[in-house]
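Subject: Structure handover

Hello,

Here is the structure I promised to pass on. Please open it alongside this note; my findings follow below.

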Amino acid sequence: MKHVARRAILPVGIAIAIAGCASTATRTPAAKVPAPVLVEEAFASAMTPRDNIDSPTSWQAPDGSVRVIASAKATDRLVVFDGASGATLGAAGGTGRDPGEFDRPNGVFALDDVLFVVERNNHRVQLLSLPEFESLLVFGTDELIKPYGIWVGRADGGYVLHVTDAYETADEQVPPLAELDRRVKRFLVTRDGARWQARFDGSYGDTSPEGALRIVESIWADPANDNVLIAEEDESWANEIKVYSLAGTYKGIRFGADVLDAQAEGIALYACDDGGGYWLATAQGNRQTTFHVFDRTRFTPVGAFVGSRVANTDGVWLTQQASTRFPAGAFYAVHDDQGVVAFDWRDIAGALDLRADCIVPAR
């Protein structure tokens with residue numbers, strides 16, 4: 001999502017009061033990070049400019065093969081790639097409001113055999129079965145205004161969804177701070193036999209200058225540490241990541257502003273069962289994307305890497321699931337709105353001296 005940063009204009013008295021307040025937020029201390037290292041892409045898919053590819057997710061079939069599913073905003077469909085080679089396998093969907101159709105799909109998230117798709121212009125989330133792409137449930141039209149990103153976790157036999165909502169004022173400006181308390185919408189999805197149902201579970205968003213979410217899209221959670229990371233895309237404020245709890249409370253932590261030199265975009269988590277791991281955050285450079293790596297719990301910079309071709313990246317997806325092509329997992333990234341690239345996690349780990357042993361067994 002490429003935003004033109006818009007700032008709400010505050011009355012003079014309020015602006016002075018805010019400027020005079022001492023910040024209570026915690027920024028991780030600036031650290032000298034080595035220049036990004038080059039990691040060659042394992043593959044690059046065919047480029048399809050008409051699609052305007054935004055976000056990828058991956059799904060492993062029972063036979064062990066992997067599919068990368070990417071949202072195509074301009075053609076209102078989902079493009080399916082081979083997760084081992086990048087070959088285009090097909091597409092699903094089309095323009096419309098009926099089940100199985102889309103209007104500007106954006107965030108996508110595959111979990112178990114279910115695909116969750118956020119549709120910005122239909123103001124909803126749609127669930128589809130995998131691998132059939134059969135529509136199972138449509139919801140959120142009463143709560144969502146301009147939704148973009150999504151994270152999904154398992155909860156109470158179903159799923160919990162956190163969906164970012166970049167609603168604006170009537171003149172397409174960032175709303176005043178007091179109105180930014182609904183930047184993330186939470187839903188609970190359950191299944192009773194063949195029947196799926198969704199329930200709205202509230203909104204959240206801090207309204208302080210430091211914690212407010214001005215322009216939002218990418219979101220990812222780490223339930224083991226009660227952390228939700230949300231990218232701040234308002235470049236006139238900062239390119240940074242803000243940390244909330246799963247309950248929606250701003251933790252007073254923001255990081256990345258000292259190293260993210262382009263718009264903050266995709267977020268991914270490499271999680272180890274022993275508590276270790278890394279966050280990956282995208283700096284969306286038009287000519288070259290830089291992927292920054294941070295410590296999982298301290299949020300301090302660990303390193304950064306670039307590919308030989310990948311640029312202008314919106315969404316990313318990291319899988320720790322083993323496959324024949326990627327035994328230690330893979331990192332998929334959108335390339336220039338037109339396709340996807342893949343990185344072998346072993347190559348990333350080797351270049352940056354990271355762990356590569358936190359592997360999820362193949363299906």
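The largest cavity holds about 200 Å³. Please keep in mind that this is a predicted model. Three cavities of 30 Å³ or more were counted in total.

What lines the largest cavity? There are 20 lining residues. Ser55, Ile150, Ser218, Gly315 and Val316 lie nearest the centre of this cavity. By class, the lining splits into nine nonpolar, seven polar and four charged residues. Six strands each give at least two residues to this lining: E4 (53-60), E8 (105-111), E12 (147-155), E16 (216-222), E20 and E24 (316-319). The largest share comes from E16, with four residues.

Next, the open space. The largest pocket has a volume of about 990 Å³. Its lining is made up of 33 residues. Nearest the centre of the pocket are Leu111, Arg154, Trp220, Gln320 and Val360. Here the classes run to 18 nonpolar, six polar and nine charged residues.

Which strands supply at least two residues each to the lining of the largest pocket? They are E4, E8, E12, E16, E20 and E24. Those strands also each supply at least two residues to the lining of the largest cavity. The largest share of the pocket lining is four residues, and E12 provides it. For the cavity, that place goes to E16.

Last, the disulfide. The count is one. Cys272 and Cys358 form it, with an S to S distance of 1.9 Å. The bond ties together distant parts of the chain, 86 residues apart. Cys272 sits in the loop between strand E20 (264-271) and strand E21 (277-283). Cys358 lies in the segment after helix H2 (345-352).

Are these two cysteines buried or exposed? Both Cys272 and Cys358 are buried. And why is the disulfide right-handed? The torsion about the S-S bond of Cys272 and Cys358 is about 90 degrees, so the disulfide has that hand.

For the disulfide, go to Cys272 and Cys358.

Best wishes

How values were computed. Residues numbered from 1 in each chain as written. Predicted model: local features only at pLDDT ≥ 70, side-chain atom pairs only at ≥ 80, totals over all residues. Heavy atoms only, no water. Disulfide = S-S within 2.5 Å. Buried < 20%, exposed > 50% of the residue type's maximum accessible area, 1.4 Å probe, protein only. 1 Å grid on protein atoms, 1.4 Å probe; cavity = no way out; pocket = protein on both sides within 12 Å on 5 of 7 lines; lining within 4 Å. Points joined across faces, edges and corners; volume = space filled by probe spheres on them. Nonpolar A, V, L, I, M, F, W, Y, C, P; charged D, E, K, R; others polar.
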